[in-house]
Amino acid sequence: MNYWLFKSEPGCYSWQDLEAAPGQTTSWDGVRNYQARNFMKAMKKGDLGFFYHSGADPSIVGVVEVVREAYPDHTAQDPENNHFDPRATPEKPIWEMVDVRLHKALPALSRKELSAHAALAGMELMRRGSRLSVQPVSAEAFEYIMYLANEKNRQSQSLHREQKKCFRKILDRI
């Protein structure tokens with residue numbers, strides 16, 4: 001199994017859009033970088049990837065599963081689409097896309113939080129100026145980030161329990 005990271009501007013396509021999509025599945029179209037396209041061509045059904053909101057609050061927000069391997073990106077051949085490429089033809093489509101399905105929501109892990117961990121320093125995401133919208137993630141980095149997400153969930157649940165206790169004490173006094 002391989003691991004990946006998929007970047008999307010929340011105003012273009014967000015985790016919430018994926019949650020609301022039929023079957024919680026979408027095609028990852030519109031990628032117009034050859035290196036990112038080649039990464040998608042290397043993806044296999046069952047591979048997992050982080051869903052990353054780029055932009056104002058860059059964060060990993062969930063995990064997706066590749067459910068359909070690379071196939072021609074039809075948006076490249078649609079003159080009405082923002083991702084139209086006049087060089088793409090049915091015979092030579094140039095651009096590829098994959099289908100991904102929601103696998104698991106994660107507590108938001110900001111790029112700033114991730115950059116505080118030396119174990120993640122080698123990630124493409126951590127490189128200054130990295131703009132690849134699709135990129136590989138090592139198995140070690142994937143496992144480490146999942147550990148961070150589980151820890152953040154555990155801390156959040158513990159805090160929630162403490163807040164409930166305080167709230168009950170306040171209610172008992174009223």
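β1 and β3 pair in the parallel sense, over six bridges. Two strands count as paired here if DSSP finds at least two bridges between them. Helices (H or I, at least four residues) and strands (E, at least two) are DSSP runs, numbered from the N terminus.

Before going on, the ground rules. This is a predicted model, in which local features need pLDDT of at least 70 and side-chain atom pairs count only at pLDDT 80 or more, while totals for chains, interfaces and linings use all residues. Residues are numbered from 1 along each chain as its sequence is written, and side-chain values use heavy atoms, with hydrogens and water left out.

Now the overall layout. The chain has four helices and six strands, and from the N terminus the order is β-α-β-α-β-β-β-α-β-α. Of its 174 residues, 41% are buried. Buried means under 20% relative accessible area, exposed over 50%, and partly exposed in between, with a 1.4 Å probe and protein chains only. For contacts, the criterion is heavy atoms within 4.5 Å. Among contacts between residues at least 6 apart in sequence, 73% join residues at least 24 apart.

Back to the strands, starting with β3 (48-53). Six of the six residues of β3 are buried. β3 and β4 pair in the antiparallel sense over six bridges, and another pair between them is phenylalanine 51 with glycine 62 of β4. The two strands form a hairpin with five residues between them, and glycine 55 in the turn has a positive phi of about 100 degrees. β4 then runs antiparallel to β5, joined by ten bridges. In that pairing, valine 64 stands opposite leucine 102 of β5.

Leaving out residues up to four places away in sequence, aspartate 73 touches Asp29, Gly30, Val31, Arg32, Trp95, Glu96 and Met97.

Next, the cores. In soluble globular proteins, nonpolar side chains tend to be buried together. A nonpolar core is defined as a set of buried Ala, Val, Leu, Ile, Met, Phe, Trp, Tyr and Cys residues joined through side-chain atoms within 4.5 Å. Which members of the largest core touch the most other members? They are Phe50, Ile60, Leu114 and Met123, in a core of 21 residues. β1, β3, β4 (59-72), β5 (96-110) and α4 (139-173) each give two or more residues to this core. The largest share, six residues, comes from α4. Apart from this core lies another, of 19 residues, among them Ala36, Phe39, Phe51 and Leu102. As for leucine 114, its contacts beyond four places in sequence are Ile60, Leu109, Leu120, Leu125, Met126, Ile145 and Leu148.

Last, the pocket. The search uses a 1 Å grid over the protein atoms alone: a cavity is a set of points where a 1.4 Å probe fits but cannot get out, and a pocket is an open set with protein on both sides within 12 Å along at least five of seven lines. Lining residues have an atom within 4 Å of a point. Grid points are joined across faces, edges and corners, and a volume is the space filled by probe spheres set on the points.

The largest pocket holds about 720 Å³ of space. Its lining has 24 residues, and Lys7, Ser8, Glu9, Ser54 and Ser133 lie nearest the centre. β1 (3-8) and β2 (25-28) each supply at least two lining residues, with the largest share, three, coming from β2. By class, six are nonpolar, eleven polar and seven charged. Here Ala, Val, Leu, Ile, Met, Phe, Trp, Tyr, Cys and Pro count as nonpolar, Asp, Glu, Lys and Arg as charged, and the others, Gly among them, as polar.

One more residue. Proline 10 is in the loop between β1 and α1 (15-20), and counts as partly exposed because its relative accessibility is 33%. Proline 10 and serine 54 are 44 residues apart in sequence but 7.1 Å apart in space, C-alpha to C-alpha. Beyond four places in sequence, proline 10 touches Asp17, His53 and Ser54.
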